[in-house]
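I open my notebook to write down, one topic at a time, what I looked up in this structure. The sequence and the fold are shown first, and my entries follow.

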Amino acid sequence: MPDLFSDQRPEAQWHGKDILHLPNAFDADASLRALKAVFDVSPLRHMKTPGGQQMSAAMTSAGALGWISDSQGYRYSPIDPLTGYAWPDIPPVLLATAQAAARRYGRAAFAPDACLINRYAPGARLTAHQDRDEQDVSIPVVSLSFGASARFRIGGQDRADPMETIILEHGDALVFGRSKRLAYHAVMPMKPGAHPALGPDRIVCTFRVAG
């Protein structure tokens, strides 16, 4: 398969050795059609934390495993608890884009079994956390961004470590792994604004090998 990023610009932007930002990396408008088909099967919803608080971002998943949160804790499940059925397949166009980004990072084989999808409305945020629910944390995480821009913050493996900010725009890909795989990261509160594709909202897909 040809490199999906071969004709794109600007060039890859490395943040240290273990974070790769690929601006304007893919045709996000076309990929949105595939995402909407996922929402038709497993709608976006606001999950609750184990403590009963409603999460800021609306979520769903695609792939063999989906991430869920409820009174029993955070975990992956093969069944969407909202529908009672398996999660929809990861759309091929999104899978191919994520795999191409992983190759640019240096990960030749990347076969994600989970695609977590978050929708952020103005004011929504993702507080600083580590991704520890996957079995093999040597495999990087790939994200694809749609809609309004976001301020992604990533630091180190200690919550108190300094964080840097990466601005993610419509059509950007981001890969982090190696020493940054267990880094604390966050999405700052979304500012009011509008994007031609999604209005005030932002959608991000994160691809992981969970099982």
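This is a predicted model: local features need pLDDT of at least 70, side-chain atom pairs count only at pLDDT 80 or more; totals for chains, interfaces and linings use all residues.

**Entry: an aromatic pair**

I looked up Phe 152 and Phe 176 and found that both are buried, where buried means under 20% relative accessible area, exposed means over 50% and partly exposed lies in between, with a 1.4 Å probe and protein chains only. The two form an aromatic pair that is tilted, with 6.2 Å from centre to centre and 35 degrees between the planes. I noted the cut-offs: rings of Phe, Tyr and Trp (its six-membered ring) pair if their centres lie within 6.5 Å, and planes under 30 degrees apart count as stacked, over 60 as edge-to-face and the rest as tilted. Phe 152 sits in strand E9 and Phe 176 in strand E11 (residues 173–176), so the pair links distant parts of the chain, 24 residues apart. Helices (H or I, at least four residues) and strands (E, at least two) are DSSP runs, numbered from the N terminus. The structure holds four aromatic pairs.

Residues are numbered from 1 along each chain as its sequence is written, and side-chain values use heavy atoms, with hydrogens and water left out.

I looked up pLDDT, the predictor's confidence in each residue from 0 to 100, and found that the chain averages 93, with 95% of the residues scoring at least 70. Over residues 5–9 the pLDDT is below 50, and beyond near neighbours in sequence this stretch has ten contacts in the model, a contact being heavy atoms within 4.5 Å.

How many disulfides does a search of the whole structure find? The search finds zero, and a disulfide here is a pair of cysteine sulfur atoms within 2.5 Å. A disulfide is a covalent bond between the sulfur atoms of two cysteines. Cys 115 is in no disulfide, and the nearest cysteine sulfur, that of Cys 205, is 4.3 Å away. Cys 115 counts as buried because its relative accessibility is 0%, and Cys 205 is buried with a relative accessible area of 0%.

**Entry: the nonpolar cores**

In soluble globular proteins, nonpolar side chains tend to be buried together. I therefore looked for nonpolar cores, meaning sets of buried Ala, Val, Leu, Ile, Met, Phe, Trp, Tyr and Cys residues joined through side-chain atoms within 4.5 Å. The largest has 30 residues, and those with the most contacts inside it are Leu 35, Phe 110, Ile 117, Val 142, Phe 146 and Phe 207. Among the elements that give two or more residues to this core are helix H1 (28–41), helix H2 (92–105) and strand E6 (114–120). Not counting residues up to four places away in sequence, Ile 117 touches several residues, including Leu 35, Phe 39, Val 204 and Cys 205. A second, separate core of 17 residues includes Ala 124, Ala 148, Phe 152 and Ile 154.

**Entry: strand E9 again**

Ala 150 has its place in strand E9 (residues 150–154). With a relative accessible area of 3%, Ala 150 is buried. Leaving out residues up to four places away in sequence, Ala 150 touches Ile 166, Ile 167, Leu 168, Val 187, Met 190 and Arg 202.

**Entry: a hairpin**

Strand E4 (residues 66–70) and strand E5 (residues 73–77) run antiparallel and are joined by five bridges; two strands pair if DSSP finds at least two bridges between them. A hairpin through two residues joins E4 to E5, and the bridge partner of Trp 67 in E5 is Tyr 76. Ile 68 lies in strand E4 and counts as buried because its relative accessibility is 5%. Setting aside neighbours within four places in sequence, the contacts of Ile 68 include Met 47, Tyr 74 and Trp 87.

**Entry: two loop residues with positive phi**

Asn 24 is found in the loop between E2 and H1, and its phi is near 50 degrees, a positive value in a residue other than glycine. At 38% relative accessibility, Asn 24 counts as partly exposed. Arg 178, which is not a glycine, has a positive phi of about 50 degrees. Arg 178 lies in the loop between E11 and strand E12 (185–187), and at 45% relative accessibility it counts as partly exposed.
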